[in-house]
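Here is a short briefing to read with the model open beside you. Please keep the viewer handy and look up each residue as it comes along.

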Amino acid sequence: LLFLARIIKEKGIFETLETFEILKKNYPNIELIISGDGQDISKIKDLVLSKRIKDVKFLGYVSKIGKVKSFTDSTIYILPTFYGEGMPTSVLEAMAFGLPVVTRPVGGLIDFFEDGKMGYITESKDPVVFAELIEKLISDNELYSRISKYNYEYAKEHFYASKVATRLEKIYEYIITNK
């Protein structure tokens with residue numbers, strides 16, 4: 001399970017940790033990778049220590065190779081954010097690596113995210129709800145594989161720089177020639 005974002009309350013780090021605790025009861029081999037840095041990093045580390053939560057890895061701030069490793073070492077991306085997001089890039093990156101995503105309907109995600117096809121999107125901030133959604137992915141290999149493949153293909157078609165540049169060129173061409 002991967003959480004890659006600024007480590008602040010509004011990005012849902014505490015909900016992520018609670019979700020992980022719930023999942024750990026039924027899936028003792030599950031791990032949580034926390035990639036990022038922010039004002040609540042020491043609070044979350046203290047919470048992990050005080051509650052003696054096992055299998056939580058803190059990678060700190062990651063860029064380029066570290067970010068790639070975070071995504072390739074993970075199988076599901078979680079971002080229970082309630083921050084005023086524009087477009088959470090980490091969700092797009094997770095999709096490009098073929099990770100199913102479990103998140104909330106913030107910012108630009110509501111414009112394209114297909115619940116059940118790309119992972120799950122929920123209005124809830126409740127860790128029990130997040131755990132139930134993640135459990136669907138863990139317990140159904142066929143569902144997981146279908147979503148993983150769909151996300152990879154969708155990201156390749158819609159988010160790769162070359163595809164975006166081509167779409168922008170067509171938009172500009174249309175504007176210029178139709179004035």
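The largest nonpolar core of this predicted model has 49 residues, and Leu1, Phe3, Val56, Tyr77, Met95 and Leu137 are the members that touch the most others. From there, the briefing moves on to one helix, the charged pairs and the surface.

- Setting aside neighbours within four places in sequence, Leu1 is in contact with Phe20, Leu23, Glu31, Leu32, Ile33, Ile76, Ile78 and Ile134.

- Which residues of helix 2 are buried? They are Ile41, Ile44 and Val48.
- These three cover an arc of only 70 degrees around the axis, and therefore sit on the same side of helix 2.
- The buried residues of helix 2 pack against helix 1 and strand 3.
- On the face turned away from that buried side you will find the exposed residues Lys43, Leu49 and Ser50.
- After helix 2 comes Arg52, which has a positive phi, near 55 degrees.

**Salt bridges**
- Side chains of opposite charge can pair when their charged atoms come close.
- How many salt bridges are there in this model? With a cut-off of 4 Å between a side-chain nitrogen of Lys or Arg and a carboxyl oxygen of Asp or Glu, the count is ten.
- One of them joins the side chains of Glu21 and Lys51, at 3.0 Å from N to O.
- Glu21 belongs to helix 1 (residues 13-26), while Lys51 is in the loop between helix 2 (41-50) and strand 3 (56-60), so this pair ties together parts that are 30 residues apart in sequence.
- Glu21 counts as partly exposed because its relative accessibility is 23%, and Lys51 also counts as partly exposed, at 41%.
- Another salt bridge links Lys69 and Asp73, whose closest N and O atoms are 2.7 Å apart.
- Asp73 has a relative accessibility of 47%, so it counts as partly exposed.
- Arg146 and Glu142 form a further salt bridge, with 3.6 Å between the closest N and O atoms.
- Both Arg146 and Glu142 lie in helix 7, four residues apart, or about one turn of the helix.
- Is Glu142 buried or exposed? Glu142 is exposed, because its relative accessible area is 61% and the exposed class begins over 50%.

**Lys156 in helix 7**
- Helix 7 spans residues 141-158, and Lys156 is found in it.
- With a relative accessible area of 31%, Lys156 is partly exposed.
- What separates the C-alpha atoms of Lys156 and Ala96? The distance is 6.5 Å, although the two residues are 60 residues apart along the chain.

**A nonpolar patch on the surface**
- Ile171, Tyr172, Tyr174, Ile175 and Ile176 make up a nonpolar patch on the surface.
- Together, these five side-by-side listed residues have about 580 Å² of accessible area.
- Tyr174, one of the patch residues, is found in helix 8 (residues 161-177).
- Tyr174 counts as exposed because its relative accessibility is 57%, where exposed means over 50%.

Notes. Residues numbered from 1 in each chain as written. Predicted model: local features only at pLDDT ≥ 70, side-chain atom pairs only at ≥ 80, totals over all residues. Heavy atoms only, no water. Helix = DSSP H or I, 4+ residues; strand = E, 2+ residues; numbered from the N terminus. Buried < 20%, exposed > 50% of the residue type's maximum accessible area, 1.4 Å probe, protein only. Core = buried A, V, L, I, M, F, W, Y, C linked by side-chain atoms within 4.5 Å. Contact = heavy atoms within 4.5 Å. Patch = residues over 30% accessible without salt bridge, like charges linked within 9 Å, V, L, I, M, F, W, Y side chains within 5 Å. Areas by Shrake-Rupley, 256 points an atom, 1.4 Å probe, with all protein chains shown as cover. Arc of directions from axis to C-beta.
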